[in-house]
Amino acid sequence: MKNLLEIKDLKINFNTEEGIVRAVRGASIRIDKNIIHGLVGESGCGKSVTARSVLNILAANAEIIGGETLYHHQGEIVDLSKLHPDGKEVRKFRWRDISMIFQEPMTSFSPVHTIGNQIMEAILLHSDLSQVAARTHAINMLERVGIPDPAKRIDEYPHQLSGGMRQRAMIAMALSGNPKLLIADEPTTALDVTIQAQIIDLMKQMKDELGMSIMIITHDMGVIAEMADYVSVMYLGKVVESAPVVELFYNPLHPYTKALLKSIPTINSKREEKLTAIAGTVPDAYCIPDGCAFYPRCSQYKPGVCDRSEPNLTEIATDHQVACIMYHGEVETDGGK
């Protein structure tokens, strides 16, 4: 069995004063062992919410209303979505089996505690190590992620580190429990391109050393091309296409995937040539259109078809799934609601 995590038909709502926000509307993602799985899409498509639901660390007004999050653990299958977010059961998996690198380490770290104290806290919560042993382990982790003079850096505060160093410290904390799955939410967004390349290389190196899987969330298709083995494309709370990374780049099927790939510059682009922009914006999650949610922006929109029924995510070729009426006729009749 190569499956590590299976997200099946996940649905998450946010209850607000303005109404119900349908952030995730039936997402399905499979992450295998020892691979890097990319999750891409524009801002507001539900990528981070889907990832945070794996650890059950959603906002107080969020509610998982359907679906399963199946984690394959020591011969057993555990549905993480059914565990209480504050219970002992889910805490057995957080940071020890599944850990997360958050989007901006400056806001994720506490500004009033040292880097060492925060890494040691994660270690002490999930192990039987003493304070001295936990500190030694934290120093070793800082060294492994390439932080110079870790015995000194461990007693520094987040504001004393550069952006790249903070991100490395966040990775050290996330890896301190030797997790089976690392969720990296936009780990390179706030970094310059040189540091981005270093962080990407570091994550790939640690993945090979620890034999873990990585779920990387980003809107940067260049990062996906560099890192990922497999890719899922999300749009407005649903996965619209999934494929191995080479297949996705050379044979994209969904109009949204094609538009994403056309919007990135290439080495052959001319200086005066404008990048192709995706028409329109992501619809409001308070009021999602009937049918395929992408149809208001789609250049291949078919009136009376795309605006009436939402296609299922269906396998078109080996390990290549797409949700588009152009490739199959099997559709939902409830508009995906």
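Guide: Strand 1 and strand 2 form a hairpin, with two residues joining them. Strands here are DSSP runs of E with at least two residues, helices are runs of H or I with at least four, and both are numbered from the N terminus. This is a predicted model, where local features need pLDDT of at least 70, side-chain atom pairs need 80 or more, and totals for chains, interfaces and linings use all residues. Numbering starts from 1 along each chain as its sequence is written, and side-chain values use heavy atoms, without hydrogens or water.

Strand 1 covers residues 3-16 and runs antiparallel to strand 2, with 11 bridges between them. Two strands count as paired when DSSP finds at least two bridges. Take Leu-5: its bridge partner in strand 2 is Ile-31. Strand 2 (residues 19-32) is mostly covered, with 10 of 14 residues buried. Buried means under 20% relative accessible area, exposed means over 50%, and partly exposed lies in between (1.4 Å probe, protein chains only).

Most residues other than glycine have a negative phi. Asp-9 has a positive one, near 50°. Asp-9 sits in strand 1. Its relative accessible area is 40%, so it is partly exposed.

The structure has two cavities of 30 Å³ or more. A cavity is a set of points on a 1 Å grid over the protein atoms alone, where a 1.4 Å probe fits but cannot get out; lining residues have an atom within 4 Å of a point. Points are joined across faces, edges and corners, and the volume is the space filled by probe spheres set on them.

The second largest cavity holds about 80 Å³. Its lining includes Arg-25, Tyr-235, Cys-292 and Phe-294. Strand 10 (residues 238-244) gives the largest share, three residues. By class, the lining has eight nonpolar, one polar and three charged residues. Nonpolar covers Ala, Val, Leu, Ile, Met, Phe, Trp, Tyr, Cys and Pro; charged covers Asp, Glu, Lys and Arg; the others, Gly among them, are polar.

Two of those lining residues, Tyr-235 and Phe-294, also meet as rings. Their centres are 5.2 Å apart and their planes lie at 85°, so the pair is edge-to-face. Rings of Phe, Tyr and Trp (its six-membered ring) pair if their centres lie within 6.5 Å; planes under 30 degrees apart are stacked, over 60 edge-to-face, the rest tilted. Tyr-235 is in strand 9, Phe-294 in the loop between helix 11 and strand 11, 59 residues apart. Both are buried. With Tyr-256 they form one aromatic cluster.

Cys-292 also leads on to the largest cavity, where it is among the residues nearest the centre, with Cys-298, Cys-306, Cys-324 and Ile-325. That cavity holds about 110 Å³. Its lining has 11 nonpolar, three polar and no charged residues.

Finish at strand 12 (residues 320-322), which holds His-320. At 1% relative accessible area, His-320 is buried. Its side chain makes a 2.6 Å polar contact with that of Glu-241. Such a contact pairs N or O atoms within 3.5 Å; within protein, one must be able to donate a hydrogen and the other to accept it, and sequence neighbours count only if both atoms are side-chain atoms.

Definitions and conventions: On a 1 Å grid over the protein atoms alone, a cavity is a set of points where a 1.4 Å probe fits but cannot get out, and a pocket is an open set with protein on both sides within 12 Å along at least five of seven lines; lining residues have an atom within 4 Å of a point.
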